[in-house]
Each structure stands twice: as structure tokens, then as C-alpha cells.
Amino acid sequence: MTGTMRVPRSRGGFSGILLVLLGLWGGLLPFAGPYFDFGFAPDDTWVYNTDRLELSIAPAAAAVLGGLVVLFSAHRAVAMLGAWLGVLGGAWFVVGGPLATLWDVPGVGAPLGTGNGRHLAEQLSGFAGLGTVIVFFAALALGRFAVVGVREALPPDEPERDASGTTQPLVFGRYARENAGPGQPAEPGLPGPRPPGDQRVAGEPRVAGEQGGVER
């Protein structure tokens, strides 16, 4: 069981990097968006309040932290915990705004765009759409870490099988030299390959195709 908990760090690399980048985008958009006239009011950069902490910074921190855990963890349970943290962060981006009205939180601010298309783009890229994408990649990481590979399921002390998947019987005695292939020892436990000109003991049958003197 311990062997199946170890996973390659590269397994969560793609999802982890995207979770970190998406989390940074969601956390920085309300503060740096006014530089590009894309974001939320007021039209000033780096304006902090508790509403932005609850609706943008907190879920962004969860997504970034979860992405870092998924990216660098080599333990299956820890990586899945990071993926679940990313799922929670993304879900809060989606439902945080509507739920925050229950405790009188108006939101991070009105969209800066003047048209309906800009309003929709700012809302999707800052909350609902962003959270959906984060949940998708976090769930993708969960699925990848939930799968146990063939090599991970093998016990660490189990030797690898031959590529053919077959085993050869052990032969002892005078028949060992007859069945031994080129480069193989004549008998198990004897070092070195069978010599090409190995002479056979009197009374042993001769193998077809083997050259040598006539037995007397």
C-alpha cells in the first residue's frame, strides 16, 4: 500500500501550473485591472478592502496554494488534498458573490466596461468563468492522481518479468548441457558459458547438429 502512494512529480505538472496562473489572475485582476481599463470599480489600482479579500484574494490564495501542492508533491494523498483545495477556491469564485449578499457584502465593485459585452467579459474572467476553469483543472488533477499505474502497483522488491512473459524450466544433470543455449551456463550455479567444444561424457546422447569425435 505504501508503494501506491508514491507518484511521479510530473503527473500534476500541467494542472498545477495552470492552477497557479489562474489563481494569480483572479487575485490580481481587481487590483491591477485598472492599468488596462479592465476590471472593477473604483478606477484606481491596488485598492484594498475586506470585500476583495473575501471574494478575490481568499479563493485566489486557495487556488495558488493547491496548484503548488499538486505541482511539487510526490505523495498521492497530499497531491489530492491540494487538488481539493483548488476545487474549493474555484467554487468560491463562482458562488462567492451571490452568497456574500447574505451577509451584506456588495461585491468587489462594478465592472469598468461601458458595454454589455465588456461587463460580461469582466464578470466571467474575474469570477464565474474563472472559477469554472479552476474547478475543471483541479478535478483533472484529482482524476490523474486517483489512477494507480502498473509500475506503482508493483511491490518494490518484486523483480521485473522478462519481456516475453515466459519462464524457462531449470534442468540439472547431463541434460543441462543439451538444453543450455549459447552463452548460458551448462548447469545452474556453474559460472561461465558452455564452451563450444565441450566434450560429452560417454553414454550421453548426442544433440543433433553438434559436431565432435565419435564416442567409443
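Helices here are DSSP runs of at least four residues, numbered from the N terminus. By that count, E122 and R118 both belong to helix α4, 4 residues apart, or about one turn of the helix. The model is predicted. The chain holds 7 helices and 0 strands.

**Overall build**

- Along the sequence, the pattern reads α-α-α-α-α-α-α.
- The chain has 216 residues, and 34% of them are buried.
- Take the contacts with a separation of 6 or more: 67% of them join residues 24 or more positions apart.
- The accessible surface of the chain is about 13400 Å². Carbon and sulfur atoms account for 66% of that surface.

**The nonpolar core**

- The largest nonpolar core contains 23 residues. Those with the most contacts inside it are L55, F93, F127, I134 and F145.
- Two or more residues of this core come from each of α1, α2, α3 (76–100) and α5 (128–146).
- The most comes from α5, which gives 7 residues.
- F127 is one of the residues with the most contacts inside the core. Beyond residues up to four places away in sequence, F127 touches F40, L55, S56, F93, V94 and V108.
- Two of those partners, L55 and F93, are also on the list of residues with the most contacts inside the core.

- Helix α4 spans residues 116–126, and its buried residues are E122, S125 and G126.
- These three cover an arc of only 90° around the axis, so they sit on the same side of α4.
- N116, G117 and L120 are exposed on the other side of α4.
- The cover over the buried residues of α4 includes α1, α3 and α5.
- Side chains of opposite charge can pair when their charged atoms come close.
- A search of the whole structure finds 1 salt bridge. The side chains of E122 and R118 meet in a salt bridge, at 3.4 Å from N to O.
- E122 has a relative accessible area of 0%, so E122 is buried. R118 has a relative accessible area of 30%, so R118 is partly exposed.

**The loop between α1 and α2**

- Exposed means over 50% relative accessible area. F36 has 66%, so F36 counts as exposed.
- V47 is found in the loop between α1 and α2 as well.
- Partly exposed runs between the buried limit of 20% and the exposed limit of 50%. V47 is at 23% relative accessibility, so V47 counts as partly exposed.
- V47 and P30 are 17 residues apart in sequence. In space, their C-alpha atoms are 8.1 Å apart.
- Leaving aside neighbours within four places in sequence, V47 is in contact with F31, P42 and R52.

Technical notes: Residues numbered from 1 in each chain as written. Predicted model: local features only at pLDDT ≥ 70, side-chain atom pairs only at ≥ 80, totals over all residues. Heavy atoms only, no water. Buried < 20%, exposed > 50% of the residue type's maximum accessible area, 1.4 Å probe, protein only. Core = buried A, V, L, I, M, F, W, Y, C linked by side-chain atoms within 4.5 Å. Contact = heavy atoms within 4.5 Å. Arc of directions from axis to C-beta. Areas by Shrake-Rupley, 256 points an atom, 1.4 Å probe, with all protein chains shown as cover. Salt bridge = Lys/Arg side-chain N within 4 Å of Asp/Glu carboxyl O.
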